[in-house]
Amino acid sequence: MNFVEHVAKAMVLEPAGIPVPVGRLCRSPAEASELFLQVGPCVVKAQVPTGKRGKAGGIKIASTPEEAAQRTQEILALTIDGHHVKEVLLEQRAAIAREFYAAVMIDFNARKPLVLFSTEGGMDIEQVAARNPANIRRRLVDLESGLDAASAGHLVSGLGLGAAEAQVSRILEHMYAAFLSCDAELIEINPLALLEDGRVVALDCKFTLDDSSAFRQPELAKHGASEIMTPLERRGAEAGLKFIQLDGDIGVLANGAGLTMTTMDVISHQGGRPANFLEIGGEAYTKAEIALDLVLSNPGVKALVVNFCGAFARTDVMAEGVVKAWQKLKPSVPVFFSIHGTGEEEARAMVRSQLGLEPLDFMEEAVAAAIAATKSKVSA
Amino acid sequence: MIIHRKDHRVLVQGLTGKQGSFWAEKMIACGTSVVGGVNPKRAGEQHLGVPVFVSAVEAMKAAPFDTAVMFIPPSMAKDAALDAIKAGAKSLVILTEHVPARDVMAIHAAAAAGNTRIIGPNTAGLVTPGEGFIGIMPGHNPNVFKPGNIGVISRSGSLGTLVSLNLTRAGMGQSAFVGIGGDPMIGTTTRDALQALDQDERTVGIVLVGEIGGSMEERAAEYARGMKKPVVSFIAGRSSPPGKKMGHAGAIVTGSAGSYAVKRAQLEAAGVTVVDTPKDIPLALGALLKMTLH
């Protein structure tokens, strides 16, 4: 789960004792000119959960109340990376001496937290990594011993930070503490700025909450940025189903992420186009009825492949849900089944007796039949 | 302990729950040596013919075990795992999906210190046809699994089932199925599983079922370079849109990292045969085995 900048600053950085500039959230040009009086010369920043704000014109400078209103109006009219800008942050401007990069993230291969620091801030860290890898300091942290003052200090020593070194080191310690207490997947401060008055402040913040920890971070989870979804995808999410709408014409209903991706791949490989990703694996295998409704509500669907391979998920339970939904919805599109694994005999018998259909032996055959069906419909 | 054996003694954490009971019964019927279960509220009882203990640590004293398997919800997974590690389990199979990342890191750290091999999280388990199984796989279904000499590695349970079934239908039984899990931070990697099957005497050929996301297939490719046994691979997610989590937390492509193209290229460069559809796996493997046997 991603967060917009001002939420990350207010809920993650500030409680951890990491300094951020004075800022005010604002939703209209009129509000902007009023709030300008509180913050003074400022940067107007689009509050959308994407890293492409600057290039898209979502970050602008304002030196008067009129300018603040004008810039706010311009930015509120933008859609950046698919996100409509609904709020801007007016943030006090300060003279910057140097820009650094700091992050704490999960290293999935090492299975440990990783702290990164670079004196090349303000730009894409992947570019720094590609061009000048020696300029990035890294440290894997042992969960047991944590990141103590000495190791944080070691990470930033010898980089010519001068009087700022102690501040930066302490900020890394605080970031690591916040990383743990907020169940973060990533906390990134870019840039972490050394101001001309000697203070070090976080000018931006990217925070990603570990999705599996949302249940024990209810306050944070409430303030996460909403994902861009189609109405059908939203309906799926509300029902607890991961539904991704695609632009093809063959609906996919399968159990398990691996089998569902594979069904889409086989459709593509045979020259067809999948209309969706939707898996009802794990505990969701009992939701076949609502799942089928979702797949068939996608207006582009001309044929459907139902591919079940029961391991944990019982194919008889899934088939029962599909048959029920089919009888209720009475769809006109042709459907092709392939059913194997746990509960297969009962599942196949149900499809035969209730829908009068014969499940196909291999998923490749079910896919081929569905593709043929979409083609014959077009020519008819 | 990557390959399950009949003589591995198994403790089932969460034995008395709905899923724990359902699958433990099938595991026992299949030949798995289940020696006990854990449920603090029902300690002292017998369930499915085995004793229930208050903890894995207590179980180890009265009913020593090699492997623990967890039928435990995400919020309690860390405590259960640390209990099994503290008890001295040689391996721990974590079936649970959606375990908080911080807890997963803590589990891996404790396991490394305590010398416990972690399989998973979010794995469907291990199957050795003719010997038994651990987890939530149809190890008891003879249409899916039959004894033989092909090793199967899979991140996904459902796709791993389909691949095993296709092998069985083609007359190719399995020496072992190793479900490594769909999470991005798993204890036993594709490379670890590949090495275990490479060193297994019974295994003559290997099927590596991968997925987009992460770099585990790339790391396995490095190992495959020096192998003599034939390896056939199918990587799921070729047609998946970038930047989206495809159900499994680990199955997401960002930039070129973890992409289908990179995985396929690296596996092929290492001499692995990568097929386009699961149905082609037995065909490709059959052709390669014929070549290596003659």
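In which helix of chain A does Leu296(A) lie? In this predicted model, Leu296(A) belongs to helix H10, which spans residues 288-297 of chain A.

View 1. Leaving aside residues up to four places away in sequence, Leu296(A) touches Leu304(A), Trp326(A), Leu329(A), Pro331(A) and Val333(A). The C-alpha atom of Leu296(A) is separated by 9.9 Å from that of Ala275(A), and these two residues are 21 residues apart along the chain.

**View 2. Helices H11 and H12 of chain A, whose axes come within 7 Å.** Two packed helices are described by the angle between their axes and the distance between the axes. Here H11(A), residues 315-329, and H12(A), residues 344-355, cross at roughly 15 degrees, and the two helices are therefore roughly parallel to each other, with H11(A) passing H12(A) in a right-handed crossing. On the side of H11(A), the residues that meet H12(A) include Thr315(A), Ala319(A), Val323(A) and Trp326(A), while among those contributed by H12(A) are Glu344(A), Ala347(A), Met350(A) and Leu355(A). Trp326(A) is also one of the residues touched by Leu296(A).

**View 3. Strand E13 of chain B and the strands that pair with it.** Strand E12(B), residues 205-211, runs parallel to E13(B) and is joined to it by 6 bridges, with Leu208(B) standing opposite Ser233(B). Strand E14(B), residues 273-274, likewise runs parallel to E13(B), to which it is joined by 2 bridges, and Thr273(B) in E14(B) stands opposite Val232(B). Together with helix H7(B), residues 216-224, the strands E12(B) and E13(B) make a right-handed β-α-β unit.

**View 4. An open sheet of 7 strands in chain B.** The strand order is E3-E4-E2-E1-E5-E6-E7, and the pairing is mixed. The edge strands are E3 (46-47) and E7 (117-119) of chain B, each of which pairs on one side only. Within the sheet, E1(B), residues 9-13, and E5(B), residues 67-70, run parallel and are joined by 4 bridges, in which Leu11(B) has Ala68(B) as its bridge partner. Helix H3(B), residues 74-87, lies across E1, E5, E6 and E7 of chain B and runs at about 170 degrees to E5(B).

**View 5. Backbone details in chains A and B.** Most residues other than glycine have a negative phi, and most peptide bonds are trans. A cis peptide bond joins Asn190(A) and Pro191(A), with omega about 5 degrees, and Pro191(A) is found in strand E10(A), residues 184-195. Another cis peptide bond joins Gly120(B) and Pro121(B), with omega about 10 degrees; Pro121(B) is placed in the loop between E7 and E8 of chain B. Asp183(A), in the loop between H6 and E10 of chain A, has a positive phi near 50 degrees and, at 2% relative accessibility, counts as buried. Leu48(B), in the loop between E3 and E4 of chain B, has a positive phi of about 55 degrees and, at 33% relative accessibility, counts as partly exposed.

Technical notes: Residues numbered from 1 in each chain as written. Chains lettered and ligands numbered in written order. Predicted model: local features only at pLDDT ≥ 70, side-chain atom pairs only at ≥ 80, totals over all residues. Heavy atoms only, no water. Pairing = 2+ DSSP bridges. Right-handed = clockwise from strand over helix to strand, strands pointing away. Axes fitted to C-alpha atoms, helices over the stretch in contact; angles between N-to-C directions. Parallel < 35°, antiparallel > 145°, perpendicular 65-115°, else oblique. Left-handed = near helix turned anticlockwise from the far one by under 90°. Contact = heavy atoms within 4.5 Å. Buried < 20%, exposed > 50% of the residue type's maximum accessible area, 1.4 Å probe, protein only.
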